[in-house]
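Subject: Structure handover

Hello,

Here is the structure I promised to pass on. Please open it beside this note; my findings follow below.

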Amino acid sequence: MSKIDTLVVNFAAYEDATEFLGMTEATLPDVEYMSETLSGSGIAGEIDEIIAGYTSAMTTTLNFRTYTKAAVKLLEPRIHNIDLRVAQQQTDSGTGDVGIVAVRHVLKVKPKKTAMGKLSAASEADVSGDYSTAYLATYINNEKVTEIDPLNNKCVINGKDYLADVRKALGK
């Protein structure tokens, strides 16, 4: 029978794989391939041709309930190694058994913007940060399924490196 991914049970955010960042909510970056609009003889109109392996700039957002030391540390204008560890629930459609899948997102980010939030009695402050994301790798049950690394000309999806031939052509 098939397994159905149902929801995120919980997750934890770390910097440098060891320092717990506290209670946060994360919005992972969109992975958008760069494209070029093609038109001309032999084409009846226009098409957007993606540039395989080349991605647009990525942004990760971390939201904190209050202004914390972790939020301040992430404001330092340097590379931060973020590790998001996720427990994701999965249901077996045949038996109804529920299991947990380990998902891990590894990101290299630099701060772009920190919204210091609001102050109001008996409420959260809604602190958030947007981070330029220069590296993204995702693991499912310890298997790397995605690696986006524009600075090193790597775009690996399900084990295939879509920029290997580009590196080879460039002598890298």
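Start with Lys-144, which is partly exposed, at a relative accessible area of 32%. Lys-144 has a salt-bridge partner, Glu-147, and the closest N and O atoms are 3.4 Å apart. Glu-147 itself is buried, because its relative accessible area is 8% and the cut-off for buried is under 20%. Keep in mind throughout that this is a predicted model.

Other salt bridges

The whole structure holds 12 salt bridges. One of them joins Glu-124 and Arg-65, with 3.5 Å between the closest N and O atoms. Glu-124 sits in the loop between S8 and S9, and Arg-65 in the loop between S6 and H1, so the bridge ties together parts that are 59 residues apart in sequence. Both ends are partly exposed: Glu-124 has a relative accessible area of 32%, and Arg-65 has 42%.

Next, look at Lys-113 and Asp-130. Their side chains form a salt bridge at 4.0 Å, N to O. This pair also links distant parts of the chain, with Lys-113 in strand S8 and Asp-130 in strand S9, 17 residues apart.

Salt bridges link Glu-15, Glu-19, Lys-73, Glu-76 and Arg-78.

The core

Which residues have the most contacts inside the largest nonpolar core? They are Leu-21, Phe-64, Leu-74, Ile-82 and Leu-107, in a core of 19 residues. At least two core residues come from each of these elements: strand S6 (58-64), helix H1 (69-73), strand S7 (80-92), strand S8 (98-115) and strand S9 (127-140).

Beyond its neighbours within four places in sequence, Ile-82 is in contact with Leu-21, Leu-74 and Leu-107, among others. The list also includes Tyr-14, His-105, Val-106 and Val-109. Glu-15 is another contact of Ile-82, and Glu-15 belongs to the salt-bridge network described above.

The surface

Tyr-67, Val-72, Leu-75 and Met-116 make a nonpolar surface patch of about 360 Å². Met-116 lies in the loop between S8 and S9, the loop that also holds Glu-124. Met-116 counts as exposed, because its relative accessible area is 54% and the cut-off for exposed is over 50%.

Best wishes

How values were computed. Residues are numbered from 1 along each chain as its sequence is written. This is a predicted model: local features need pLDDT of at least 70, side-chain atom pairs count only at pLDDT 80 or more; totals for chains, interfaces and linings use all residues. Side-chain values use heavy atoms; hydrogens and water are left out. A nonpolar core is a set of buried Ala, Val, Leu, Ile, Met, Phe, Trp, Tyr and Cys residues joined through side-chain atoms within 4.5 Å. Buried means under 20% relative accessible area, exposed over 50%, partly exposed in between (1.4 Å probe, protein chains only). Helices (H or I, at least four residues) and strands (E, at least two) are DSSP runs, numbered from the N terminus. Contact means heavy atoms within 4.5 Å. Patches are made of residues with over 30% relative accessible area and no salt bridge: like charges are joined within 9 Å, nonpolar side chains (Val, Leu, Ile, Met, Phe, Trp, Tyr) within 5 Å. Accessible areas come from the Shrake-Rupley method with a 1.4 Å probe; for residues, only the protein chains shown count as cover.
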